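Q: Please take a close look at the aromatic rings in this model. Which rings pair up, and where do they sit?

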Amino acid sequence: MTAGLLENFLMRVQAVQHQAGSWSTPLPSDLDGADTWVLAFASPDTPPDAPALKQLSAAFPQSVVMGCSTAGEIAGDAVHDDSICVAVAQFEHTRLRVARTLLSAPADTAAAGERLAAALIRPEGGQALRAVFVLSDGVCVNGSTLVRALHAALPAGVLVTGGLAGDAERFKRTWVLDGSGVHVRHIMALGLYGDRLVTGQASEGGWVDFGPRRQITRSSGNVLYELDGKPALALYKAYLADRAAGLPGTGMLFPLDVCAADTPEQRVVRTLVGVDEGAQSVTFAGDLPEGGYARLTRSSTERLVDSAARAADVALQGMPGPSLAVSVSCVARRIVLGQHTDDEVEAVASRLPAGAVHVGFYSYGEIAPGRAPGSCALHNQTMTITAYGER
């Protein structure tokens with residue numbers, strides 16, 4: 001991990017970690033200010049009244065404090081559990097504004113996205129909105145709907161990235177964090193304003209299609225019932241052969257590559273999270289558009305790690321030294337990689353420019369541009385990287 005304060009005439013960044021009851025270095029409270037972003041990723045088992053969270057808020061009373069629970073915290077070149085990984089970025093020319101909204105039910109997702117966009121869309125300090133970073137509840141939200149609502153309501157050209165909070169592998173309770181504490185069933189969004197902001201972004205999965213492309217003939221939201229008019233679960237089992245006995249867990253090794261019928265270029269990966277023997281259906285961590293198309297994918301440890309390296313090469317290209325790189329990867333990707341999870345994080349960290357800080361988390365869904373220019377999507381099993389700097 002980058003140690004100590006790194007600065008030039010523009011952005012100042014520092015990373016610090018809390019583990020085993022203490023901070024790795026004193027919290028850099030001298031960076032506190034209205035245009036300072038404090039980004040914290042924490043173990044889902046962190047108590048709401050944890051002293052470390054109180055210390056973080058006390059050290060940065062004027063700053064934008066923002067964070068969430070995770071399925072693994074990323075700091076520098078390593079993945080951690082039972083920690084709080086923090087990046088502090090003080091901007092010189094970029095203005096910040098944060099919004100938070102309650103998610104009353106999954107059906108409220110679109111309206112929640114519209115509320116957040118409305119709170120961020122107007123200029124800040126006379127400067128236009130350039131980028132939005134989102135952290136959302138991970139179990140009560142419809143992530144696909146959230147992304148569509150935000151993208152539709154925000155001005156064209158605004159970069160939207162982020163992720164859905166995690167709860168390790170339990171999928172029961174997630175939360176987001178601001179300076180006032182922990183909030184369940186909420187969504188937060190940070191707006192970054194000004195033409196001196198420099199951003200870099202890339203997303204890579206490393207998954208390779210195999211088998212025939214099939215039409216999604218019956219689906220409802222994230223539940224897939226039929227492919228080519230045949231029961232989805234039966235088809236999945238036929239492809240998995242002897243691995244089918246391990247469903248739904250083994251399904252993470254074979255996610256679907258999905259696209260809508262009218263936008264075949266906007267393909268996304270969807271992770272299998274559940275099966276229903278009675279309905280012969282398969283549930284995924286994101287919507288599957290009825291009438292669209294799906295194809296099974298597979299990968300290897302080497303391909304997954306290489307894809308993270310490619311994402312880093314693109315996102316960090318031309319980034320100034322003192323910058324912040326935020327990686328959001330997928331809990332299912334971590335499960336598939338197993339003991340090699342650190343390898344993909346190391347692949348990203350090894351490409352950081354001198355003076356950059358790297359933090360992130362393993363999520364229940366990644367928010368990033370899609371494959372088509374100007375698009376935005378909810379991704380699964382994808383390494384997404386967003387970098388921020390100033391010129």
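**Aromatic pairs**

A: Y364 is buried, because its relative accessible area is 5%; buried means under 20%, exposed over 50%, and partly exposed in between, with a 1.4 Å probe and protein chains only. This is a predicted model, in which local features need pLDDT of at least 70 and side-chain atom pairs count only at pLDDT 80 or more, while totals for chains, interfaces and linings use all residues. Residues are numbered from 1 along each chain as its sequence is written, and side-chain values use heavy atoms, with hydrogens and water left out.

Seven aromatic pairs turn up in a search of the whole structure. Rings of Phe, Tyr and Trp (its six-membered ring) pair if their centres lie within 6.5 Å; planes under 30 degrees apart count as stacked, over 60 as edge-to-face and the rest as tilted. One of the pairs is F41 with F361, stacked at 4.8 Å centre to centre with 25° between the planes. This pair links distant parts of the chain, 320 residues apart: F41 is in strand β4 (residues 36-42) and F361 in strand β26 (residues 357-363). Strands (E, at least two residues) are DSSP runs, numbered from the N terminus. F41 and F361 are both buried.

Y364 pairs with F171: the ring centres are 4.0 Å apart and the planes at 10°, so this pair is stacked. It also joins distant parts of the chain, 193 residues apart, with F171 in the loop between β11 (159-164) and β12 (175-178) and Y364 in the loop between β26 and β27 (366-368). F171 counts as partly exposed because its relative accessibility is 38%.

Elsewhere, W37, F133 and Y388 form one aromatic cluster.

Note on methods
Helix = DSSP H or I, 4+ residues; strand = E, 2+ residues; numbered from the N terminus.
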